[in-house]
Amino acid sequence: MLLVSGAIICILFFLMPQFTPDINAQVTGENKTSNKIIMHIHSNFNVTVNGKSLIVPNGIGINSTLWNDHSLDKFGTERKTTIFGMVTPAMSPLHTHDSSGTIHFESTEYRNYTLGQFLNIWGIPLEGSRVNLFIDGNSTDNYSNYVLKDREKMILKIED
């Protein structure tokens, strides 16, 4: 009996990697066209309004109250349930997972995304404000059309 139990444990031990997810692996999602996430990069984004820091909210492009523009949805993921019973939320290709200021680009297509697209998804009102964008300490013209890049540090300064 002990020998049979030992054999079963050995078999399960060797089969386990086939049935359990690698917790260190990058999770891939699928959208309505069954395309997998092939682009996953990050930018650091800080915002000040009249000199005071504004926290970039958790859930931009995931939470329905912080997902105001759906024009890029075909490049994001849809809500689904995994084989392990976990629910993965629908996500815009540009989104935040927490309030650290990290913008995630998780896209089913390699493409350029702009800061303006992220701000539209967020729905932050900027009409009538003076807006300056600094990338890694350097001022940049036309913040709305600025193409986001991996690992850059952005500061958006908004003044009334």
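The following legends describe close-up views of a predicted model.

Residues are numbered from 1 along each chain as its sequence is written, and side-chain values use heavy atoms, with hydrogens and water left out. Because the model is predicted, local features need pLDDT of at least 70 and side-chain atom pairs count only at pLDDT 80 or more, while totals for chains, interfaces and linings use all residues.

**Figure 1. Aromatic pairs around Phe118.** Two aromatic pairs are found in a search of the whole structure. Rings of Phe, Tyr and Trp (its six-membered ring) pair if their centres lie within 6.5 Å; planes under 30 degrees apart count as stacked, over 60 as edge-to-face and the rest as tilted. The ring centres of Phe45 and Phe118 are 5.7 Å apart and the planes stand at 85 degrees, so this pair is edge-to-face. Phe45 belongs to strand β1 (residues 39-49) and Phe118 to helix α2 (residues 115-122), so the pair ties together parts that are 73 residues apart in sequence. Helices (H or I, at least four residues) and strands (E, at least two) are DSSP runs, numbered from the N terminus. The rings of Phe118 and Trp122 have centres 6.2 Å apart and planes at 55 degrees, so that pair is tilted. Phe118 and Trp122 both lie in helix α2, four residues apart, which is about one turn of the helix.

**Figure 2. Helix α2 and its cover.** Six of the eight residues of α2 are buried (under 20% relative accessible area; exposed is over 50% and partly exposed in between, with a 1.4 Å probe and protein chains only). The buried residues are Leu115, Gly116, Phe118, Leu119, Ile121 and Trp122. Their cover includes β1, β2 (52-54), β5 (94-95), β6 (102-107), β7 (130-135) and β9 (153-159). Gly123 follows α2 and has a positive phi, near 85 degrees.

**Figure 3. The largest nonpolar core.** A nonpolar core is a set of buried Ala, Val, Leu, Ile, Met, Phe, Trp, Tyr and Cys residues joined through side-chain atoms within 4.5 Å. The largest such core has 29 residues, and those with the most contacts inside it are Phe45, Phe118, Leu119, Trp122 and Leu156. At least two residues of this core come from each of β1, β6, α2, β7 and β9. The largest share, five residues, is supplied by α2. Leaving aside neighbours within four places in sequence, Trp122 is in contact (heavy atoms within 4.5 Å) with residues including Phe45, Val47, Leu54 and Ile60.

**Figure 4. Salt bridges of the model.** Three salt bridges are found in a search of the whole structure. A salt bridge is a side-chain nitrogen of Lys or Arg within 4 Å of a carboxyl oxygen of Asp or Glu. Arg130 and Glu159 form one of them, with their closest N and O atoms 3.1 Å apart. This pair links distant parts of the chain, as Arg130 is in strand β7 and Glu159 in strand β9, 29 residues apart. Arg130 is exposed, at 52% relative accessible area, and Glu159 is partly exposed, at 32%. Glu109 and Arg111 also meet in a salt bridge (3.7 Å, N to O). Asp150 forms another with Arg151, the closest N and O atoms being 4.0 Å apart.

**Figure 5. Charges over aromatic rings.** A charge sits over a ring if NZ of Lys or CZ of Arg is within 6 Å of the ring centre and within 35 degrees of the ring normal. Arg111 lies over the face of Phe75, at 4.1 Å from the ring centre. Lys157 lies over the face of Phe134, at 4.9 Å from the ring centre.
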